[in-house]
Amino acid sequence: MTYLISAVTYIFDIFIVSSYLKNMLKHFKKKYSTIYILCLILVEIILYINELLSSRYNSFSSVVITPALSILTTFALCCFFSNSIKAKILTALSFQVLVSLGESFFTFIITHVNPDILDMANKTLLYSIMNLGSKVMLFLLCLIVTIFFRNQKYEHTTEYSILLFTTPIITLTIFSFTPLHFLSENDNVFFYEVLFICLSLLNIVNYILIQRAFISTVVNYTNMNIQRQLDFQKGKFEQLSESYRQNRRIIHDVKKHYFYIQEQINKQHFDDLKKYTSTAIQSIED
């Protein structure tokens with residue numbers, strides 16, 4: 001089960017990185033989608049290998065190599081977006097800052113709320129849980145950052161933000177207040193392992209569903225605006241058509257007047273012509 005938690009952690013990390021980049025950057029190169037997915041998996045494999053080898057590093061190397069590797073791999077993923085080099089570098093650096101903050105914040109919270117966790121006998125399980133909890137905290141921080149700095153055409157409502165934040169906050173609360181030490185002593189490890197896995201997957205599912213609902217709302221709103229524009233243009237077209245028909249009638253009437261005037265001039269009926277033009281002028285004015 002510990003391996004399953006680790007697998008879910010890396011899947012969650014792939015999801016967080018991908019969603020953060022797509023929110024912060026723009027113009028994803030869709031023709032490279034397959035390569036992008038393979039690169040995401042490759043990045044996680046590289047980070048996993050680095051994690052296994054980190055025990056061989058001295059403290060300084062571990063502090064330098066791991067963040068540098070994370071920044072470089074994140075920047076490599078940024079190359080699948082049509083942004084400036086500056087934007088890609090800032091995105092990669094900001095993500096690494098959020099990773100560090102996520103680990104620090106989660107460690108601070110859980111050690112103060114649930115200090116017995118450090119006394120767990122199963123250190124491998126402890127590390128897996130701490131790592132997964134850090135990812136949830138990272139996900140929450142990424143949501144906060146992208147809400148304020150994301151490159152989106154449409155603004156999000158307060159309701160949308162609340163729905164996004166609710167799941168990771170509840171997950172972190174359960175992570176922090178679950179008596180892990182007590183459960184492990186009573187041989188209930190399997191219970192909270194399944195619980196944490198389900199909560200982590202719930203964050204992914206909830207985010208996807210909310211994003212799809214938001215996109216659907218935007219599409220419906222766009223369609224409504226397009227329909228209103230079509231109705232407006234249709235009304236204007238009908239007005240133009242009616243105006244065209246009226247102009248055609250006026251032209252026809254004026255031609256009749258000219259033909260009659262020409263006929264009266266040829267006959268030299270000037271008195272009748274004078275009366276007729278007075279009546280015609282009034283008719284044209286009307």
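**Salt bridges in the predicted model**

Arg 245 and Glu 242 form a salt bridge through their side chains, with 2.7 Å from N to O; a salt bridge here is a side-chain nitrogen of Lys or Arg within 4 Å of a carboxyl oxygen of Asp or Glu. The structure holds four salt bridges. This is a predicted model, in which local features need pLDDT of at least 70, side-chain atom pairs count only at pLDDT 80 or more, and totals for chains, interfaces and linings use all residues. Residues are numbered from 1 along each chain as its sequence is written, and side-chain values use heavy atoms, with hydrogens and water left out.

- Arg 245 and Glu 242 are three residues apart in helix H8 (residues 189-267), so about one helical turn separates them; helices (H or I, at least four residues) are DSSP runs numbered from the N terminus.
- Glu 242 also meets Arg 249 in a salt bridge, at 3.8 Å from N to O.

- The side chains of Asp 13 and Lys 135 meet in a salt bridge of 3.2 Å, N to O.
- Asp 13 belongs to helix H1 (residues 2-24) and Lys 135 to helix H5 (residues 123-149), so this pair ties together parts 122 residues apart in sequence.

**Accessibility**

- Asp 13 and Lys 135 are both buried, meaning under 20% relative accessible area, with exposed over 50% and partly exposed in between (1.4 Å probe, protein chains only).
- Glu 242 is partly exposed at 31% relative accessibility.
- Arg 245 is partly exposed at 41%, and Arg 249 is partly exposed at 46%.

Note on methods:
Helices (H or I, at least four residues) and strands (E, at least two) are DSSP runs, numbered from the N terminus.
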